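Here is a walk through one protein model, taken a piece at a time. Keep the sequence and the 3D view side by side as you read.

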Amino acid sequence: MHQDDFFESLNAQFQDALPFVAYRKPNEDRVNAVFQNDDVLYETKDLSEAGFVFAPFDDSSKMILMPLDQAEVGYCDHFEGEELLTDTSKFSSSSDQKVEYINTIEQAIATIKDSDLKKVVLSRPDYMTNENFQVFEVFKRLLSTYKTAFVYCWYHPKIGLWLGATPETLLKIEGQRLSTMALAGTQVYKGTTDVSWGTKEEQEQQFVTDYIVSNLEAEVEQISTSERRTVRAGGLLHLQTQISARLGKEHSGLLKIVRALHPTPAVCGLPKAEAKAFILNHETYNREFYSGFMGELHFKKRQTRNTNRRNVENNVYATVKSVTNLYVNLRCMQVLPNKVALYVGGGITKDSNPEAEWEETVSKTSTMKNIL
Ligand SMILES: C=C(O[C@@H]1C=C(C(=O)O)C=C[C@H]1O)C(=O)O
């Protein structure tokens, strides 16, 4: 589809108050869309269906599905738009929020020093007034500015409107191959990725890698991890380890693999149950879909390859693979009446400095404030 027709179809769907999602995967040109045919709120209980899933942080709450058998899909091959500069320095948040957030961080540090809790990811909403939210203009700005992120715009009339540009993959499965990443540790990008990291960041990222490897081990074979490297996400840098494996022949299904990962210590903490309880007891808002996960579930990918066997010249083999591509819903915003909520958080460990953790969340809001 041509870009203008693509955005017109999205707008028509939105005007008709019908569910849709439009998204672009990291480092790809193509923008995809799923247009649901009715306004039913479908859910998936076991992640076995084909469709686009939108799941909350709280793994005991409903996972929403736009099922492919109740939807049309469309795409625009290439998106052209003007890039905005990513400037992390010019935005501030209110001082009331600061006092409350720092207070919670101090409680978290005290609990970590006094219990089994090793890491907890605390977060907060930051509101911006916006009376005339231009959804597709904002989505286009996200697309042109964050090319290495998973950029999306998701709408359901019974849930609401969410947009974001996340640097974090939860899980990618193609055929028998599985990959994921451990992403944590944050510093502001100052023109180079050749930076050094403190022990606090290295340790909190290592927690994530170790957790993923040990939790996946029961479900997969041949698990391997890459070297740790620094990656850029807009105006920020993170530490990342890539993890890959093969699905065992008798693996026990996607739900079990996702449950083994989500929520990882990149968005929840360690041990998982203690960290989740701390979050639910101390954060003063409901995360809903922030730090949940979303993406393509059991999509079909057709692959053709030429073989040049003697006497069978240019024989074309087509195989259809099932692919799943899930991302963690970070650097996102929820559009509310007359305002936009931006959600940001960061990992707290015994070595955290509350003031620096606050500044980290301020920098993270810039990913979205920049666009708005
Ligand atoms: C929780 C967020 O990000 C996560 C936390 C990070 C950290 O603590 O340094 C870094 C990347 C993400 O895994 C967020 O952006 O809201």
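Before we start, one cut-off will come in handy: a residue is called buried if 20 or more other C-beta atoms lie within 10 Å of its own, exposed if 12 or fewer, and partly exposed in between. Keep in mind, too, that this is a predicted model.

Most residues other than glycine have a negative phi. N27 isn't a glycine, yet its phi is positive, at about 60°.

Now move along to L47, in the loop between strand 3 (42-44) and strand 4 (51-55). L47 is another non-glycine residue with a positive phi, near 60°. Is L47 buried or exposed? Its C-beta has 21 others within 10 Å, so L47 is buried.

Next stop is E80, in the loop between strand 6 (71-76) and helix 2. With 10 C-beta neighbours inside 10 Å, E80 goes down as exposed. Look for L143 as well: E80 and L143 are 63 residues apart along the chain, while their C-alpha atoms are separated by 8.8 Å.

Two packed helices are described by the angle between their axes and the distance between the axes. For helix 2 (residues 95-114) and helix 7 (residues 354-369), the angle is about 125° and the axes are 9 Å apart. That angle makes helix 2 oblique to helix 7. Helix 2 passes helix 7 in a right-handed crossing. On the helix 2 side, the contact is made by K98, Y101, I102, I105 and E106, and helix 7 brings P354, E357 and W358. Sorted by kind, the residues of this contact are five nonpolar and three charged, with no polar ones.

You'll find A218 in the loop between helix 4 (199-216) and strand 12 (220-225). Its count of 12 C-beta neighbours inside 10 Å means that A218 is exposed.

On to the ligand. Which residues come nearest to it? Of the 17 residues around the ligand, those are T186, A266, G345, G346 and G347. Strand 7 (119-129), strand 11 (177-188) and strand 19 (339-348) are the elements that give two or more residues to this shell. As for its make-up, the shell divides into seven nonpolar, seven polar and three charged residues.

Our last stop is the backbone again. Most peptide bonds are trans. Here, though, a cis bond joins H262 and P263, with omega about -10°. P263 belongs to the loop between helix 5 (254-261) and strand 15 (269-270). The peptide bond from L270 to P271 is cis too, with omega near -10°. P271 lies in the loop between strand 15 and helix 6 (272-282).

Definitions and conventions: Residues are numbered from 1 along each chain as its sequence is written. This is a predicted model: local features need pLDDT of at least 70, side-chain atom pairs count only at pLDDT 80 or more; totals for chains, interfaces and linings use all residues. Axes are lines fitted to C-alpha atoms, for helices over the stretch in contact, and angles run from 0 to 180 degrees between N-to-C directions. Helices (H or I, at least four residues) and strands (E, at least two) are DSSP runs, numbered from the N terminus. Angles under 35 degrees count as roughly parallel, over 145 as roughly antiparallel, 65 to 115 as roughly perpendicular and the rest as oblique. A crossing is left-handed if the near helix is turned anticlockwise from the far one by less than a right angle, and right-handed if clockwise. Two residues are in contact if their C-beta atoms, placed from the backbone, lie within 7 Å. Ala, Val, Leu, Ile, Met, Phe, Trp, Tyr, Cys and Pro count as nonpolar, Asp, Glu, Lys and Arg as charged, and the others, Gly among them, as polar. A residue is near a molecule or strand if its C-beta atom, placed from the backbone, lies within 6 Å of it.
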